[in-house]
Every structure is written in structure tokens, then in C-alpha cells.
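Welcome! Keep the view open and follow along, topic by topic.

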Amino acid sequence: NTGACSFQLTVDPTLGIEGQINPGSIVLYLNPAKDFVILSNPEQIALEKLEIFNVQGQLIKTIGLSQSAIDVSELSSGNYLFVIYAGSERIVKQIVKE
């Protein structure tokens, strides 16, 4: 027994749904960090605030995002989750503090 099948694949050029945020466009660098982390926002997404959580899920700090340099000098060494808010969307990034 043999069979044959044919199909046509159409790729839509749309890269996302309007109104959704591309989390890959937000980058935090200098990771691992010592004194500060730089937030890169090349798509100029309207970001509201950033919350820093430790690995136990405790909120450590809340920061308004009026600048691109985030001071982490007062944090102890370890892993942290940075939750970035943009409207109803949240973007989560992990940072290692040396």
C-alpha cells in the first residue's frame, strides 16, 4: 500500500498580534551585574515600573522606569527576578548579582 499527499503552506508575514509586547525586545545587560544593570528598550515600549524579587519570591524593590540604568549595588549576591510592567503585560528577566 502506498499513499500520496500534497499541501500548500502559506506563511503570513505578520510577526505578532497588535497590542502584544515582544518580550525579546526588552534586554537587561551586564549580567552578572555588580553595581548596575542597563535596560535596553529599542522598540520604545511604554514601561511603567520594575519589581525585583529574590528566589524566595519576596519583593525586594520597586523602581519607576524613567531611566535605563538600574542600581543593584545594594542587593546581596544571588539570583533575582526582574518583573517589568508595560500596561497589562509583564516581562520577566533573571539577573545574577555578583
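Strand β3 is largely enclosed by the rest of the structure, because five of its six residues are buried. This is a predicted model, and β3 has the highest mean pLDDT among the elements of the protein chain, at 95.

**Strand β3 and its partners**
- β3 pairs with strand β4 (residues 59-64) in the antiparallel sense, over five bridges.
- Within this pairing, Lys49 stands opposite Gly64 in β4.
- Four residues lie between the strands in the hairpin of β3 and β4, where Gly57 takes a positive phi near 85°.
- β3 also runs antiparallel to β6, and six bridges join the two.
- If you look for Leu50, you will find that its bridge partner in β6 is Ile84.

**The nonpolar core**
- The largest nonpolar core has 20 residues, and those with the most contacts inside it are Leu28, Leu47, Leu50, Ile70, Phe82 and Ile84.
- Two or more residues of this core come from each of β2 (36-40), β3 (49-54), β6 (78-86) and β7 (89-97).
- β6 gives the largest share, with four residues.

**Gly64, in strand β4**
- Gly64 has its place in strand β4.
- Is Gly64 buried or partly exposed? Gly64 counts as partly exposed, because its relative accessibility is 45%.
- Glu48 and Gly64 are 16 residues apart along the chain, yet their C-alpha atoms are separated by 6.4 Å.
- Leaving aside neighbours within four places in sequence, Gly64 is in contact with Glu48 and Lys49.

**Asn41, in a loop**
- Asn41 is found in the loop between β2 and β3.
- With a relative accessible area of 15%, Asn41 is buried, because buried means under 20%.
- Which residues does Asn41 touch, not counting those up to four places away in sequence? They are Ser25, Ile26 and Leu47.
- Leu47 is also one of the residues with the most contacts inside the largest nonpolar core.

**Confidence in the model**
- The mean pLDDT of the protein chain is 86, and 87% of its residues reach 70 or more.
- Among the elements of the chain, β7 has the lowest mean pLDDT, at 92.

Conventions
Residues are numbered from 1 along each chain as its sequence is written. This is a predicted model: local features need pLDDT of at least 70, side-chain atom pairs count only at pLDDT 80 or more; totals for chains, interfaces and linings use all residues. Side-chain values use heavy atoms; hydrogens and water are left out. A nonpolar core is a set of buried Ala, Val, Leu, Ile, Met, Phe, Trp, Tyr and Cys residues joined through side-chain atoms within 4.5 Å. Buried means under 20% relative accessible area, exposed over 50%, partly exposed in between (1.4 Å probe, protein chains only). Contact means heavy atoms within 4.5 Å. Two strands pair if DSSP finds at least two bridges between them. pLDDT is the predictor's confidence in each residue, from 0 to 100.
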